[in-house]
Amino acid sequence: MSRRDTRLPARRRRTLGAVVAGAAALVLGGCAQDAPQDTWQPAGDNAQKIHDLQWPVFLVAGVIGVIVLAVVAFAVVRFRDRGQPMPEQSHGKPALEIALTILPALILVGVGIPTVSTVFDLAEEADTECIINVTGQQWWWEYDYPVQDGCGGISAPIVTSGQLVIPADTNVLLRLTSRDVIHSFWIPKLNGKKDTVPGRVHTLRMQADEPGIYAGQCTEFCGLSHANMKMEAVALFPADFQTWVANQLEDYQAPAEGSLAAEGEATFTANCAYCHQVNGLTTTAPDGSVTPVLANPDEFVVSGAAPNLTNLMTRNTFAGATWDLLTEECRDRVWNAPPEEFGERYLAGVSADCLNEVDLREWIRNAPAKKPMYATADQAANSGGKFRGMPALGLNESQIDQIIAYLLERH
Amino acid sequence: MAIIERPSTPAVVGAGAGAPAVVTPSQAYGVLRRPVAATGWRSWVFTVDHKKLGIMYGVVSLFFFLVGGFEALLIRLQLAGPEGTVLSAGLYNEMFTMHATTMVFLFVMPMAAAFANYLVPLQIGARDVAFPRINAFGFWCFLAGAIFINTSWFLGGAADGGWFMYQPNANALFSPSHGIDFWGLGLQITGIASLTGAVNLIVTILNMRAPGMSLMKMPIFTWMILVIQFLLLFAMPVITVALFLLMFQREFGATFFDVSAGADPLLWQHLFWIFGHPEVYIIVLPGFGIVSEVLPVFARKPLFGYRFVVFSGAAIGFVGWGVWAHHMFASGLGPVSVAVFSVATMLIAIPTGVKIVNWTMTLWGGKIWFSTAMLFAIGLIVEFTIGGLSGVTHAVAPSDTQQTDTYYIVAHFHYTIFGGAVLGLFAGFYYWWPKIFGKRLSESLGKWNFWLMIIGMNLTFGPMHIIGLQGQPRRMMNWTEARAGEGFFNLGFWNRVASVGSLILAVGVAFFIVNIWVTHRPSSKTPKSELDPWDARSLEWITQNPPKEHNFDSIPTVHALDEFFHRKYEVDHDTGEVTKVASAEEILAAEEAKADHHIHLPSPSYWPIILAFSLPVMGYGVIFNRFLIVAGALGVLLAMFGWALEPSVADDSDYDPPAEGGSNKELATIG
Amino acid sequence: MFTTGSKLFIGGTVLAVVAAIVFAVSYDGDRAWVAGIGLIAAAIALSFLMGINLWVRDSNVGGMQADATTTSAAAQSRPGNSMWPIVGALGGALVVIGIVATPVVFKAGIVVLLIALFEWLVQSWSERASADPAFNASIRARLMHPLEFPVLGAVGLAVIIYSFSRIMLFLSKEAGPAVFVVIGALITVGGFLFASKATLKTSVVAGISTIAALGLVSTGAVMAIDGERDMHEYPTVSNDPTVCSSNAETETDERASQTVAAKSNVAATVIFNADRQLYVQQIGTGAYSRVATLQRSNPSPVMFRNLSDEAVRLKVNLGTFTDPATGTVTSQPVTCTTLVEPDGRQFLSLQFPKSSLATTQPYSFEVPEVEGATVEIVVP
């Protein structure tokens, strides 16, 4: 209740600002339709704070720019050589100089004060309602949700990747760190960027007004596949978010005996489970004892981590959010959903009809050919035999069929 | 019997106008027979003449400008369409790393050094710099380092960590090729050039000014060069230390930035940007100095607020040390640091604004002659203003977190560096070309050059504002349709515009090369330039075009700022009326009439080039084979010993005409 | 053909080569190659110098004039004063003393002896170069100054810096900065006075500088002999299970937390509270919790704060793992902080390569010997 009360004035202020901002945007340029990473279309409190601060600065800078350019243009035209006598050899007017020094200083004071207050506003952590750990590595992001009362209550840790799912209209705090090099987490419509530095934990506030998908991109140069390290933040109504959490925590469902997916489970265990964890996956020894299958990516990968695939088909992307799991048609249906229907469409996940099998198949067949990575044997020699990214596993087409069938059931 | 010869006859030099003023040093008094050639390639390779070194700096940096431009074109070609396939991911990373490295370290900085080397002694009425052999050493270090860095292309790949080389991505684990080793060691070698040049020019400017030239009567270009040299003097040691740490981390397994050893990778960022931000001003202030010379000449009135321009330049130099962390607003410094650096960054806008105001006011009330040099200077005011204002928008730290590492920043710093530094350098080319080479460049080709470059740069870098605000990050080897958006601001269209713009820009630059060719080709009909083609104002024009080897027959005495102008014109202080009282030829003739006798210029030497080219040998040794280090070190040792044993100026006796037979001849066979 | 100087170095080269051969044949120790390489290097260096001398004709313009050697130089031997015999004798004495006393003195003696020998050789050579003593002095200077000045300068600086460092190490931590400021100020003031009083006699400046340098060096020598102040140097982190499982006093390091990364941005602050319970605080929640979630496979910065009134340490259990193939059980070593005093803090960097699912005994923080003071660590 109290949350809604506090939000109303903010909304009103925003509408007010939007009129002026819209006008400014028309003048200055920066606002477009459907540009997923547009920095001038805030969709949450934090981005809005930045926007409220920046558009007047752009406006003032633009006006000053126009004035200076106009004066230069006027001087150039008016004082061109038309045979007039040599001008007076004046060395300047100190009073004018001092005035023109103080004027920009005053303008900058006017810019500086709200800047400082916004800096501290955006560093606020006390109003956090939900905490998510974000870990960057070459070239994908891992999101883990620690056990907490906030976020509608999360009773067991959730580990996911590809899409950061957050409850809408909730103050989320990201705890950012990195496993190898420096990356930078950036969802332009929700907040500015923040670097993830190994050995340090940085925080970044996230809040989305409406359900929807917000695109982002790693913005600190992080090596070979920097361009392929994308992210998507997915905001769901709190009720939908509850559903999502419950879904993530559901017990493992083994494929039906004898199905293609069941063969896939064995193929997955034999080829993929070294690195990729699927929670609940077990293996039965000849003597009938059942042991859980635990991934050990620390033994194979430089960063020591690989995406957790437990609920792969609840996400819409794979391989560092570089490719969609959905076909283009299905993807558009989710991305362009109206806010009320968004949750339903997103939670439907990836069905067999909607699966973008082309890219997924190429990826499983030979990942390094699809995304530049240091993942061949001789490249791994430099890093103690560990790969930086998914190597080519040498699977045949029927094995790939099996794995895809198995993965399709990871809802 | 005397073993060594003593001067027997006084050298006959400078006897009146027209006569050869200096007899070239003929024989060495030293370890080796000194190089004596006054013509041919030897006269360039072993020279210590600041003018020849300046020209060589210019030629080499112009070459690297073309190299860096070619790299930029490849980058734009890759990004012209979605999912570009011109370059592989690895090659793309090498390309943008080397584009920045080449443009910053191998073009703008040495090109500024070219202007400084050539013009500072002329502007202050000196016959050479304070340490001529160190000057030569500096140039050869720059060339050796530049070649060294670029050989990495052929020896396993160039550096691929970005010119900022953030840790830990620049570690051997994450960047296994030798590119970064080449980069670090090469910059270490070119850094020697900057550091020795800084010491040299500071000493020259402070100690060797013509009689009467107080600091406040010094030409503004020389003033800006002085500020830059102080910045270099303090900034280069920082990057030197940082590069050593990087080298130890990569080559010898040190852990300065290693998290698991308790260190913090942000330390590298602080080290790099404490160097890197002053570096920005090192790059841009030469351009400021040049336009501050060009604008008054072609507006026919003095620089408005000379003192303000001088002090704002110095202020930029000082405040420039306190803003480095604005490159790190997103790296998690904490709100207090971010707020402090944000405000400090806004402060630096004030002296920068002062400069723009002063340039504009210099135009105001003038009598403007639109020569090509003037066009470039006005272009600088306009383009730099745009770059400066976009800079203010990300001095606002929260706003910067949306813009940093996007193309908006690329747009910003290309408007400041291309618009500020490069346009300034081009203004300088056109303005001083007749001084340096004795011929004017074609004005009509120059106008093509100017307009194509201006249109090209605005088409290339202008759309990057849009691309950046639309959220396209830098350093990405490709962009995708999925995130390009639609409508007027879609990334696809503006990326294509930028790529087309870069081609236009390239054509514009090509016009400059064509202009040089047209002016200087053997069959060229371009006449020799007049003595004072632009009706200039400062001291370097009180000598011939190009200047004689010893610059001035007699050192002029300075009475005023804009000395040359005040010798040509008389200003009535009551009416402000200006009347011409003397022509440039008359002034020069008066100076030549009182020519000095016995001018002894510093003698050429082998050692600077030997010393400089021994350094990359050591560099290859560090990378490939430790025995090469020993070979390089022996070269260094030999050159240092030879240098130390050789007097900086040949003995007076050597100015005699060569002796017939005898010991001199004997000596000649030894070298 | 051969100049005087080059003959000298030819002799030296031959001597070194012969010595190397003799040494190689006669000596049969396992470190023989070290000395052998030294002698070969000496031969190479000497032949290099010989080459230079030949090339530059001893830097002697008239070196090839036959009459120069017959009429003047060798015939008119007029040796000047020389300090090298006595320096050489000093070196010899040091060698003898060193053999009896300590190897350092022996090595110093060898160095002094070699320097004296070399300088002596160059001096004798230069005195025979011509009949003009001034010229002879000048060629000696031209050859030797590029060597002597840098070496002497470096040695002088090293002595002063070393002396100064001994003084700083002798002084207590409190007195150190004060002395540093005073000496620094004195040097600055002195330099300023010298610079502003241009008429000051060189001898006065040299005298004052010499007295100051001597004072510094002698004080440094005294303090070096007296030894450094007591400095606590203990490892900040222990992996010894017996140390980690008790709060017995082994050592204390009040500066243990001052690693670079510790200053900000920790993943978790582990607090031993006044109620003798262990809690964890993580960014984003002000609340004290009994469960910490730390990311896997990356260095997690953790701060331990002791808010109780007893000295305790924090112990971290890094798990027990079973190899599914072999069934062998391996326990990761525990790690722990030093004993942290009341109100103290210490920084730890932890890395968990495997998830909590893999360990049979859960990851945890605990304070040894305090019942129930544990915090579970969840690694997803």
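**Interface and disulfides of a predicted model**

Across the interface of chain C and chain A, 3 salt bridges are found, a salt bridge being a side-chain nitrogen of Lys or Arg within 4 Å of a carboxyl oxygen of Asp or Glu. The structure is a predicted model, in which local features need pLDDT of at least 70 and side-chain atom pairs count only at pLDDT 80 or more, while totals for chains, interfaces and linings use all residues; side-chain values use heavy atoms, with hydrogens and water left out. Residues are numbered from 1 along each chain as its sequence is written, and chains are lettered from A and ligands numbered from 1 in the order in which they are written.

One of the salt bridges joins the side chains of C:Lys354 and A:Asp298, with 3.0 Å from N to O. The interface of chain C and chain A also holds 7 residue pairs in polar contact, both residues at pLDDT 80 or more. A polar contact is a pair of N or O atoms within 3.5 Å; within protein, one must be able to donate a hydrogen and the other to accept it, and residues adjacent in sequence count only if both atoms are side-chain atoms. The side of chain C that touches chain A is made up of 11 nonpolar, 9 polar and 2 charged residues. Here Ala, Val, Leu, Ile, Met, Phe, Trp, Tyr, Cys and Pro count as nonpolar, Asp, Glu, Lys and Arg as charged, and the others, Gly among them, as polar.

In terms of contact (heavy atoms within 4.5 Å), 22 residues of chain C meet 31 residues of chain A. The size of an interface is often given as the accessible area lost when the parts come together. Between chain C and chain A the buried area is about 2000 Å², and carbon and sulfur atoms give 53% of it; buried area is the accessible area (1.4 Å probe) that two parts lose on being put together, summed over both. Of the area that chain C buries against chain A, 29% comes from C:Ile283, C:Gln295 and C:Arg296, more than from any other three residues.

Over all chains, the structure has 3 disulfides, each a pair of cysteine sulfur atoms within 2.5 Å. In chain A, A:Cys130 is joined to A:Cys151, with 1.5 Å from S to S. Strands (E, at least two residues) and helices (H or I, at least four) are DSSP runs, numbered from the N terminus. A:Cys130 and A:Cys151 are both buried, that is, under 20% relative accessible area, where over 50% is exposed and in between is partly exposed (1.4 Å probe, protein chains only).

A further disulfide links A:Cys330 and A:Cys354, whose sulfur atoms are 2.0 Å apart. This link is left-handed, with -80° about the S-S bond. It connects helix α6, which holds A:Cys330, to the loop between α7 and α8, which holds A:Cys354, 24 residues apart in sequence. A:Cys330 and A:Cys354 are buried.

In chain C, the sulfur atoms of C:Cys244 and C:Cys336 lie 2.0 Å apart in a disulfide. C:Cys244 belongs to helix α9 and C:Cys336 to strand β9, distant parts of the chain, 92 residues apart. Both cysteines, C:Cys244 and C:Cys336, are buried.

The sulfur of A:Cys272 is 9.2 Å from the closest cysteine sulfur, in A:Cys275, which is too far for a bond. A:Cys272 is buried, at 10% relative accessible area.
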